[in-house]
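Notebook open, viewer loaded. I'm jotting things down as I look them up.

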Amino acid sequence: MSESRTQIHSHMAPSVDEMGSAGGATSNLKTDEQSYQLSTLTVTSPSNHNGDTSQYKDKDFKASHGTPGHKTLLQSDALYQYILKTSVYPRESTYLKELRKITEGVSLSYMATPPDEVQFLMLLIQLLNAKNTMELGVYTGYSLLGTALALPDDGKIVAIDLDRNNYELGAPVIEKAGVAHKVDFREGLILPQLDKMLLNQENLGLFDFIFVDADKDNYLKYHERCLKLVKVEGVIAYDNTLWNGSLVAPEDAPYATYIHQYRPFVLELNKFLAADKRIAISQLSVGDGITLCRRIL
Ligand SMILES: C[S@@+](CC[C@H](N)C(=O)[O-])C[C@H]1O[C@@H](n2cnc3c(N)ncnc32)[C@H](O)[C@@H]1O
């Protein structure tokens, strides 16, 4: 089995470069949470994901199976670069590109949703004819801008994040793109913000689409609240549900600390969503894994 190796350094997350060579060194690793401390580690990415987990016991296996140095669980970086160059970058709006470039220069830039995933979300929003949407976890606003561009002119996005400073890096681009009137940014912790919204009957069943991309240990709490806020036949999308591929690795696999920390919560979420009769689901291996939940009850 051939492997590619990528060095990942704290505060030096690799970025996707559309002109760069295919393969390990120019890559973009999806992680979340501002508290994430990425120590220097070697990522070893098996190029052939055939379900064989025996490699995890290999002492030479330094880090994340299924973390091929980019925000996807594809077979290779080359394939990922192919998708970006062929289907994503040529159609990425100049504003999204500008915000992506700005974000690449910011610390924790790897937190941004990858461009292929945002392209998918934009199409989904249009397929749903979504008008009222919400985003939990904004960062600099790359997925927020994608949503705003995909919505009709009278569409709305409630966007919640505890950190206004990062949002303000993207806000001028959102303004320049002519979609700022759709964005209702609310600074604060997500849980109390959702609870406040639930007190107003008018918010119940209001939303056509909700994108959840924040603290994994709270996703189940968000789920109960979002199920009341999304309309029947509306969609909630949970990001990072494949959690860097760590879900199928042994507990002592050499992942970064934050991966270990949140892994049980993602496992619990996936199990819960699979059994939840109130929703129809599909877990997709786009980006770091995204689970679509359509409210059916
Ligand atoms: C992965 S980033 C979001 C990325 C964003 N969707 C994008 O495309 O750039 C996660 C964000 O969630 C925010 N966050 C994490 N936990 C939160 C909480 N409990 N309440 C509010 N915001 C939170 C962080 O401040 C961070 O900006």
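Predicted model: local features only at pLDDT ≥ 70, side-chain atom pairs only at ≥ 80, totals over all residues.

I started with burial: 47% of the 297 residues of the protein chain count as buried. I then went through the secondary structure and got eight helices and nine strands. For contacts between residues at least 6 apart in sequence, I find that 71% join residues at least 24 apart.

**Core.** I looked up the largest nonpolar core next, and it has 64 residues. Leu-145, Ala-148, Ile-157, Ile-210, Val-212, Ile-236 and Ala-237 have the most contacts inside it. I picked Leu-145 and listed its contacts beyond four places in sequence: Tyr-95, Leu-96, Leu-99, Gly-170, Val-173, Ile-174 and Ala-177.

Buried or exposed? Leu-96 has 23 C-beta neighbours inside 10 Å, so it counts as buried, the cut-off being 20 or more. Its contacts, leaving aside neighbours within four places, are Tyr-142, Leu-145 and Gly-146. I also took a distance to Arg-278: 182 residues away in sequence, 35 Å away in space, C-alpha to C-alpha.

For another leucine I went to Leu-297, in the segment after strand S9 (290-295). Leu-297 has 8 C-beta neighbours inside 10 Å and therefore counts as exposed, for which the limit is 12 or fewer. Not counting residues up to four places away in sequence, I see Leu-297 touching Lys-277 and Arg-278. From Leu-297 to Lys-156, 141 residues apart along the chain, I get 24 Å between C-alpha atoms.

**Helix faces.** In helix H1 (residues 77-88) I have Asp-77, Tyr-80, Gln-81, Leu-84 and Val-88 down as buried. They cover an arc of only 100 degrees around the axis, so they sit on the same side of H1.

**S9 and its partners.** Five of the six residues of S9 are buried, so I wrote it down as mostly covered. S7 and S9 run antiparallel, joined by five bridges, and I found Tyr-238 bridged to Thr-291 in S9. Strand S8 (residues 279-284) is also antiparallel to S9, with six bridges between them. In S9, Ile-290 stands opposite Leu-284. The hairpin of S8 and S9 has five residues between the strands, and Gly-287 there takes a positive phi near 60 degrees.

**Ligand.** Last stop. I get 23 residues around the ligand, and Thr-113, Gly-137, Tyr-139, Ser-143 and Asp-215 come nearest. By type, the shell divides into ten nonpolar, seven polar and six charged residues. Helix H4 (142-150) and strand S4 (156-161) each supply at least two residues of the shell.

Key
Residues numbered from 1 in each chain as written. Core = buried A, V, L, I, M, F, W, Y, C linked by C-beta atoms within 7 Å. Contact = placed C-beta atoms within 7 Å. Near = placed C-beta within 6 Å. Helix = DSSP H or I, 4+ residues; strand = E, 2+ residues; numbered from the N terminus. Nonpolar A, V, L, I, M, F, W, Y, C, P; charged D, E, K, R; others polar. Arc of directions from axis to C-beta. Pairing = 2+ DSSP bridges.
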